[in-house]
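This report covers a sheet, a domain contact, a chain contact and a few single residues. The sequence and structure come first.

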Amino acid sequence: MKPTYVISENIVSSLGFTAAENTDGLIKGATGIRIHHETTLYPNPVALSLIDTHHLDQRFEVILNKFKKEHRAGSYTRLEKMLILSISDALQGIPVRVDDSKLILMLSTTKGNIDLLEDRYTAKFDHKRVYLWALAAVIREFFGLANTPYIISNACISGVMALIKASRLLRSAKYDYAIIAGGDIASEFVISGFQSFQALSSEPCKPFDLNRKGLSLGEGCGTIVLSVNPPDVSSCSILVAGGSVSNDANHISGPSRTGEELSMAIDTAIRESGIVNNDIDYISAHGTATPFNDEMEAKAISLSGMNEVPVNSFKGYWGHTLGASGIMESAALIGSMKMNCLFRSAGFETPGVIEPINVIKETIYKPVSTCLKTASGFGGCNAALVFQKI
Amino acid sequence: MDKQITAYTYIGEGKVVVNKRLIFYQEKITTFAEFIKSLYKQEQLAYPKFYKMDSLSKLGFISAELLLRNENPGRFKPGSLAVVLANSSSSLDTDLAHQESIRNRSAYFPSPSVFVYTLANIVIGEICIRHGIKGENAFLVSEKFNPGQLQEYVSDLLDNNQAEACICGWVEILGSNFKAVAALVEKDGSLASLKTEYNPLPFTEAALNELMKVN
């Protein structure tokens with residue numbers, strides 16, 4: 001089996017449009033979550049991490065000019081603009097030909113262009129554009145990709161799952177390169193739904209904290225490019241070492257009571273990586289800040305014997321970005337590995353889960369070489385992925 | 001031993017076929033809701049949560065129910081059975097219902113019991129709960145049925161010991177258009193074939209394609 005190397009990454013969020021802009025924001029420790037009163041998104045004020053539309057359009061114009069596209073910016077949806085920006089940034093400066101037949105685009109999203117169901121967009125865009133494969137076709141056409149994109153829509157583990165599946169496709173020599181891109185927007189559709197669940201926090205979310213009151217929604221995109229060849233110039237090489245997916249078989253909208261199933265995915269991913277649980281020196285958790293999710297994750301981490309391992313959640317910085325979250329958070333984890341820096345878990349002050357776990361309170365610089373990314377979602381799904389520095 | 005399809009179900013054009021046998025036929029389908037309710041009643045399924053499900057989950061749930069009905073429940077360990085499903089319109093059928101509930105600010109009634117089904121993989125969650133399945137689960141989206149993609153995903157899982165067996169298939173519904181094909185794929189189907197009238201098929205892209213054409 002071939003090793004799979006990370007050769008570039010991007011994050012588009014309220015904190016910035018590149019991985020570097022985002023890690024700068026993480027170092028500063030500022031959150032991108034604000035109370036917004038956008039009546040097109042929700043009748044009442046709500047805490048969200050939003051990408052500035054003016055800024056997004058400005059950046060997108062630059063990309064349109066660069067790619068010499070005849071299409072006008074207005075013919076792309078908000079999510080398409082975000083995804084194109086994210087992918088084009090990740091492709092910069094790497095030796096990858098986009099029309100290579102051994103390259104696959106993996107697209108991870110939960111709701112795609114769901115805003116197109118709103119009355120204000122029905123006249124502007126073909127109704128077909130709400131299908132995930134139509135969104136993928138726009139991205140494929142923009143970059144001139146040789147292959148039909150591979151689409152994964154598995155709730156909030158979509159991003160981690162897309163990375164796992166991409167690494168398997170590369171390891172079995174089906175492709176040489178994979179662009180794994182995930183994106184979701186903050187839409188009235190999603191905000192109203194989570195509000196009806198009473199799952200949203202009235203203030204920026206506080207993962208693993210005693211006073212956590214629910215999640216904060218965000219919008220964003222992440223892109224990671226994997227290759228069977230090591231990166232040309234880099235101080236270190238980061239490998240995707242192993243991954244696993246499991247199901248709770250318990251409840252469609254509530255997590256496992258025991259955390260056993262997430263722990264099972266963690267242990268399998270670690271075993272597949274040829275290492276032991278003790279080797280993990282950092283965990284980027286899902287950490288949504290709902291009471292039950294964080295409790296379940298703490299139980300799973302404990303069951304896997306990793307109570308002492310530093311853990312954080314990036315949700316306190318840019319909210320829960322659904323199908324994008326696993327990729328954005330993995331890209332931030334890659335930043336941690338490159339910089340040997342563990343970012344504080346924004347919003348965390350007082351331990352608030354029963355199982356004691358080591359949530360990162362202050363950003364610290366220390367060697368980071370073997371990391372675990374986890375995710376869990378509606379439908380009872382869990383995913384775990386190991387990254388290794390060599 | 002090569003991977004085999006040891007059971008399959010087909011729901012479409014008013015017909016329900018399980019392992020080559022036509023078990024249900026409705027010449028004139030009024031609505032999906034009526035069709036699936038009649039099927040549920042004829043098969044004497046008793047699972048009250050069924051009535052809370054959205055159409056996509058009902059379709060996938062019944063497919064899995066018919067697929068596994070003759071199985072010895074202990075034959076698969078919880079973590080060794082996987083579920084990989086795909087379709088074209090994701091959860092759009094229910095998305096439209098949720099969007100309708102927030103269309104007017106004067107009648108703004110988003111409902112958690114509808115919203116929870118606006119994720120395509122919830123159907124997999126329902127199947128996993130019903131049968132205690134804890135293995136890998138994945139929902140893929142493609143414009144048209146893509147047997148090559150499904151065959152590759154499932155083969156990779158079985159070949160690399162991520163699963164011993166897998167329920168895979170296509171579960172598509174939008175309005176009154178629906179079709180579901182599900183197959184139970186096993187690493188070694190020789191044991192399963194002893195107890196059914198159905199001869200296992202080799203698990204190939206062509207075999208999956210054939211299952212879509214059952215008539």
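## Terms and model

Two strands count as paired if DSSP finds at least two bridges between them. Helices (H or I, at least four residues) and strands (E, at least two) are DSSP runs, numbered from the N terminus.

This is a predicted model, in which local features need pLDDT of at least 70 and side-chain atom pairs count only at pLDDT 80 or more, while totals for chains, interfaces and linings use all residues. Residues are numbered from 1 along each chain as its sequence is written, and chains are lettered from A and ligands numbered from 1 in the order in which they are written.

## A three-stranded sheet in chain A

Three strands of chain A make an open sheet of mixed pairing, in the order S2-S3-S7. S2 and S7 of chain A are the edge strands, each with a single partner, so one side of each has no neighbour in the sheet. Strand S2 (residues 33-36) of chain A runs antiparallel to S3(A), with 4 bridges between them. S3(A) and strand S7 (residues 217-218) of chain A are parallel and joined by 2 bridges.

A:Ser49 of S3(A) is the bridge partner of A:Ile33, and A:Ser49 also stands opposite A:Gly218 in S7(A). A:Leu48 stands opposite A:Leu217 in S7(A). In a regular strand the side chains alternate between the two faces of the sheet. Strand S3 (residues 46-49) of chain A is covered on both faces: A:Val46 and A:Leu48 are buried on one side, A:Ala47 and A:Ser49 on the other. A residue is buried if 20 or more other C-beta atoms lie within 10 Å of its own, exposed if 12 or fewer, and partly exposed in between, with C-beta atoms placed from the backbone.

## Helix H2 of chain A

Helix H2 of chain A covers residues 53-66; its 14 residues should span 20 Å at 1.5 Å a residue, and its end C-alpha atoms are 20 Å apart, which agrees. The expected span is 1.5 Å times one less than the number of residues. A:Lys68, which follows H2(A), has a positive phi near 50 degrees.

## Two domains of chain A

Chain A is assigned domain 1 (4-227) and domain 2 (238-389), with bounds from an automatic or database domain assignment. Taken over C-alpha atoms, the domain centres are separated by 21 Å. In domain 1 of chain A, 66 residues are in contact with 55 residues of domain 2 of chain A; contact requires C-beta atoms, placed from the backbone, within 7 Å of each other.

On the side of domain 1 of chain A that touches domain 2 of chain A, H6(A) gives the largest share, 8 residues. That side has 30 nonpolar, 29 polar and 7 charged residues. Here Ala, Val, Leu, Ile, Met, Phe, Trp, Tyr, Cys and Pro count as nonpolar, Asp, Glu, Lys and Arg as charged, and the others, Gly among them, as polar.

## Contact between chains A and B

Between the chains, 36 residues of chain A are in contact with 41 residues of chain B. H7(A) supplies the largest share of the side of chain A that touches chain B, 6 residues. The residues of that side comprise 19 nonpolar, 14 polar and 3 charged. S5(A) also pairs with strand S5 (residues 137-141) of chain B, antiparallel over 2 bridges, and A:Ile152 stands opposite B:Leu140 there.

## The largest nonpolar core

The largest nonpolar core has 198 residues, among which A:Ala178, A:Ile180, A:Leu226, A:Ala383 and B:Cys166 touch the most other members. Such a core is a set of buried Ala, Val, Leu, Ile, Met, Phe, Trp, Tyr and Cys residues joined through C-beta atoms within 7 Å. Beyond four places in sequence, the contacts of A:Ala178 include A:Ile104, A:Met106 and A:Leu226.

B:Leu157 lies in helix H6 (residues 147-159) of chain B and is buried, with 24 other C-beta atoms within 10 Å. Residues touched by B:Leu157, leaving out those up to four places away in sequence, include B:Ala82 and B:Cys166. The C-alpha atoms of B:Leu157 and B:Ala82 are 8.4 Å apart, although 75 residues separate the two along the chain.

## Two asparagines with positive phi

A:Asn340 has a positive phi near 50 degrees and sits in the loop between helix H11 (325-339) and strand S12 (341-342) of chain A. A:Asn340 counts as partly exposed, with 14 C-beta neighbours inside 10 Å.

B:Asn19 has a positive phi near 45 degrees and belongs to the loop between strand S2 (15-18) and strand S3 (21-25) of chain B. B:Asn19 is buried, with 20 other C-beta atoms within 10 Å.

How values were computed: Contact = placed C-beta atoms within 7 Å.
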